[in-house]
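User: Could you zoom in on one single part of this model for me, and then show how it sits within the rest of the chain? Please spell out the cut-offs as you go.

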Amino acid sequence: MDAASWDERYRGAELVWTAGPNRFVEEELAGLPVGRAVDLGAGEGRNALWLAERGWEVDAVDFSAVALDKAGRLAAERGVGLLRTVCADLTGWSAPEAPYDLALIAYLHLPWPQMAQVLRRAASAVRPGGTLLLVGHDAANLEHGHGGPQDPRVLYTAEQIAELWRPYADVLRAEAVTRPVTDADGSHAAVVVLVRAVRK
Ligand SMILES: C[S@@+](CC[C@H](N)C(=O)[O-])C[C@H]1O[C@@H](n2cnc3c(N)ncnc32)[C@H](O)[C@@H]1O
């Protein structure tokens with residue numbers, strides 16, 4: 001999907017995603033000492049806002065101006081001062097010079113050559129000892145799970161992400177995690193990619 005299509009999806013008062021953080025992001029990052037973070041493909045900022053409320057200084061990068069406006073409004077409503085929104089296409093994005101302590105990628109799904117480029121840039125944007133965290137829809141959902149993009153070209157596995165990050169980082173977790181989902185069609189199991197690494 002291009003930026004205009006995402007803008008269209010985000011238009012309207014309702015949040016497209018949840019107000020609170022993704023549960024895997026929360027579980028993985030709650031214990032990390034605060035610092036500077038970048039959230040790549042931040043959307044309406046549910047994870048970026050949660051980090052900023054905990055004292056992180058966060059750059060929320062997305063190419064949807066509509067989503068980032070919502071994130072900015074939510075930050076103002078919630079009195080969050082540490083969130084900066086950056087409207088940019090990640091396929092052309094590179095980090096500012098000062099490195100981050102954390103790069104977060106949550107549910108960003110791009111064709112693999114572009115995804116790989118974003119993953120490399122995320123790794124380059126983090127200082128040695130800093131954290132890389134990716135959460136996303138596993139390719140296994142197409143046959144064995146539920147939800148997420150149905151185009152196999154934008155899906156990945158934990159091992160694919162881990163392999164790409166290994167030259168840059170020590171991979172602490174690279175797993176397919178099953179998450180229960182209930183919707184109008186009943187109860188399902190969604191397979192989530194969870195990769196956490198520490199920059200070398
Ligand atoms: C599924 S949403 C996830 C949003 C957020 N990470 C979350 O978990 O709530 C994917 C986001 O990636 C953004 N995105 C997709 N392709 C992008 C690109 N090439 N450059 C910047 N943002 C992009 C979309 O605008 C959208 O907000």
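Analyst: Ser187 is found in strand E7, residues 186-199. Helices here are DSSP runs of H or I with at least four residues, strands are runs of E with at least two, and both are numbered from the N terminus. This is a predicted model, so local features need pLDDT of at least 70 and side-chain atom pairs count only at pLDDT 80 or more, while totals for chains, interfaces and linings use all residues. Residues are numbered from 1 along each chain as its sequence is written.

Is Ser187 buried or exposed? Ser187 is exposed, because 9 other C-beta atoms lie within 10 Å. The rule is that 20 or more other C-beta atoms within 10 Å of a residue's own make it buried, 12 or fewer make it exposed, and anything in between is partly exposed, with C-beta atoms placed from the backbone. Leaving aside residues up to four places away in sequence, Ser187 touches Pro180 and Thr182. A contact means that the two C-beta atoms, placed from the backbone, lie within 7 Å. Ser187 and Gly130 are 57 residues apart in sequence, and their C-alpha atoms are 37 Å apart in space.

Tyr156 lies in the loop between helix H6 (141-144) and helix H7 (158-165). With 22 other C-beta atoms within 10 Å, Tyr156 is buried. Beyond the residues up to four places away in sequence, Tyr156 touches Trp112, Met115, Gly136, Ala139, Ile161 and Val193. Leu110 is 46 residues away from Tyr156 in sequence, with 9.6 Å between the C-alpha atoms.

Another comparison point for Tyr156 is Glu26: these two are 130 residues apart along the chain, and their C-alpha atoms are separated by 22 Å. Glu26 has its place in helix H2, residues 23-29. It counts 13 other C-beta atoms within 10 Å, so Glu26 is partly exposed. Its contacts, not counting residues up to four places away in sequence, are Pro21 and Trp50.

Tyr107 is found in the loop between strand E4 (100-106) and helix H5 (112-124). Tyr107 is partly exposed, with 18 other C-beta atoms within 10 Å. Arg120 lies in helix H5 itself and is also partly exposed, given 14 other C-beta atoms within 10 Å. Along the chain, Arg120 and Pro167 are 47 residues apart, with their C-alpha atoms separated by 9.6 Å.

Now to a helix pair. Two packed helices are described by the angle between their axes and the distance between the axes. Helix H1 (residues 3-10) and helix H4 (residues 65-77) pack at about 45 degrees, with axes 7 Å apart. The axes are lines fitted to C-alpha atoms, for helices over the stretch in contact, and angles run from 0 to 180 degrees between N-to-C directions. H1 and H4 are therefore oblique to each other: angles under 35 degrees count as roughly parallel, over 145 as roughly antiparallel, 65 to 115 as roughly perpendicular, and the rest as oblique. In this contact, Trp6, Asp7 and Tyr10 of H1 meet Ala65, Val66, Ala67 and Lys70 of H4. The contact residues divide into five nonpolar, no polar and two charged. Ala, Val, Leu, Ile, Met, Phe, Trp, Tyr, Cys and Pro count as nonpolar, Asp, Glu, Lys and Arg as charged, and the others, Gly among them, as polar.

Trp6 turns up at the ligand too: 19 residues surround the ligand, the closest being Trp6, Gly41, Gly43, Phe63 and Leu90. A residue is near a molecule if its C-beta atom, placed from the backbone, lies within 6 Å of it. This shell splits into ten nonpolar, six polar and three charged residues.

Finally, the whole chain. The protein has seven helices and seven strands, in the order α-α-β-α-β-α-β-β-α-β-α-α-β-β from the N terminus. Of its 200 residues, 41% count as buried.
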